[in-house]
Amino acid sequence: MNLNQITVPSLDLSKSIPFYQKLGLKLIVHTHSAYARFECPTGDSTFSLHQVSELPKGEGIYVYFELE
């Protein structure tokens with residue numbers, strides 16, 4: 001199985017994008033201020049953010065990145 005993409009909500013892409021870049025993800029798509037997509041440093045998976053005005057309620061989304 002290959003993980004293609006995970007998309008999570010963000011209240012502020014201008015702050016979120018640099019955070020994920022510091023983790024080593026490569027920004028490959030950035031459309032206006034509503035969507036950004038990153039390529040993972042290894043493998044074929046991508047990670048996306050989409051702008052929202054309010055975060056979802058409840059447990060939320062858990063995504064685990066393993067770094068050396």
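The dialogue below concerns a predicted model.

Student: What radius of gyration does the protein have, and how does it agree with that of a compact globule?
Tutor: The C-alpha trace spans about 30 × 30 × 20 Å along its principal axes. For 68 residues, a compact globule would have a radius of gyration near 11 Å. The value for the protein agrees with this, as it is 12 Å.

Student: What percentage of the residues count as buried?
Tutor: A residue counts as buried when its relative accessible area is under 20%. Among the 68 residues of the protein, the share that counts as buried is 25%.

Student: What is the accessible surface of the protein, and what percentage belongs to carbon and sulfur atoms?
Tutor: The accessible surface comes to about 5,200 Å². The part that belongs to carbon and sulfur atoms is 54%.

Student: In what sense do strands E2 and E3 pair, and over how many bridges?
Tutor: Strand E2 covers residues 26–31, and strand E3 covers residues 35–39. Within this pairing, Leu27 stands opposite Phe38, and Thr31 stands opposite Tyr35. The strands E2 and E3 pair in the antiparallel sense, over five bridges.

Student: Which residue in the hairpin of E2 and E3 takes a positive phi?
Tutor: Most residues other than glycine have a negative phi. The hairpin of E2 and E3 has three residues between the strands, and one of the residues in this hairpin has a positive phi near 35°. That residue is not a glycine, and it lies in the loop between E2 and E3. The residue is His32.

Student: Is His32 buried or exposed?
Tutor: The cut-off for exposed is a relative accessible area over 50%. The relative accessibility of His32 is 63%, so His32 counts as exposed.

Student: Which residue in the turn between E3 and E4 has a positive phi?
Tutor: E3 pairs with strand E4, residues 46–51, in the antiparallel sense over five bridges. In this pairing Glu39 stands opposite Thr46. The hairpin of E3 and E4 has six residues between the strands, and the residue in its turn with a positive phi, of about 80°, is Gly43.

Student: Which residues form the aromatic cluster?
Tutor: The structure holds four aromatic pairs. One of them is the edge-to-face pair of Phe19 and Tyr20, with 4.9 Å centre to centre and 85° between the planes. Another is the tilted pair of Phe38 and Phe47, with 6.3 Å centre to centre and 35° between the planes. The one cluster is formed by Phe19, Tyr20, Phe38 and Phe47.

Student: Which residues form the salt bridge?
Tutor: Side chains of opposite charge can pair when their charged atoms come close. A search of the whole structure finds one salt bridge. Its closest N and O atoms are 3.1 Å apart, and its partners are Glu54 and Lys57.

Student: Are Glu54 and Lys57 buried or exposed?
Tutor: Glu54 has a relative accessibility of 52%, so Glu54 counts as exposed. Lys57 has a relative accessible area of 68%, and therefore Lys57 is also exposed.

Student: Which residues is Val52 in contact with, leaving aside its neighbours within four places in sequence?
Tutor: Val52 is found in the segment after E4. It is buried, because its relative accessible area is 18%. Leaving aside the neighbours within four places, the residues in contact with Val52 are Pro9, Ser10 and Leu11.

Student: How far apart are the C-alpha atoms of Val52 and Ala34?
Tutor: Along the chain, Val52 and Ala34 are 18 residues apart.

Conventions. Residues numbered from 1 in each chain as written. Predicted model: local features only at pLDDT ≥ 70, side-chain atom pairs only at ≥ 80, totals over all residues. Heavy atoms only, no water. Salt bridge = Lys/Arg side-chain N within 4 Å of Asp/Glu carboxyl O. Buried < 20%, exposed > 50% of the residue type's maximum accessible area, 1.4 Å probe, protein only. Phe/Tyr/Trp six-rings, centres within 6.5 Å; stacked < 30°, edge-to-face > 60°. Rg over C-alpha atoms; globule rule 2.2 N^0.38 Å. Areas by Shrake-Rupley, 256 points an atom, 1.4 Å probe, with all protein chains shown as cover. Pairing = 2+ DSSP bridges. Helix = DSSP H or I, 4+ residues; strand = E, 2+ residues; numbered from the N terminus. Contact = heavy atoms within 4.5 Å.
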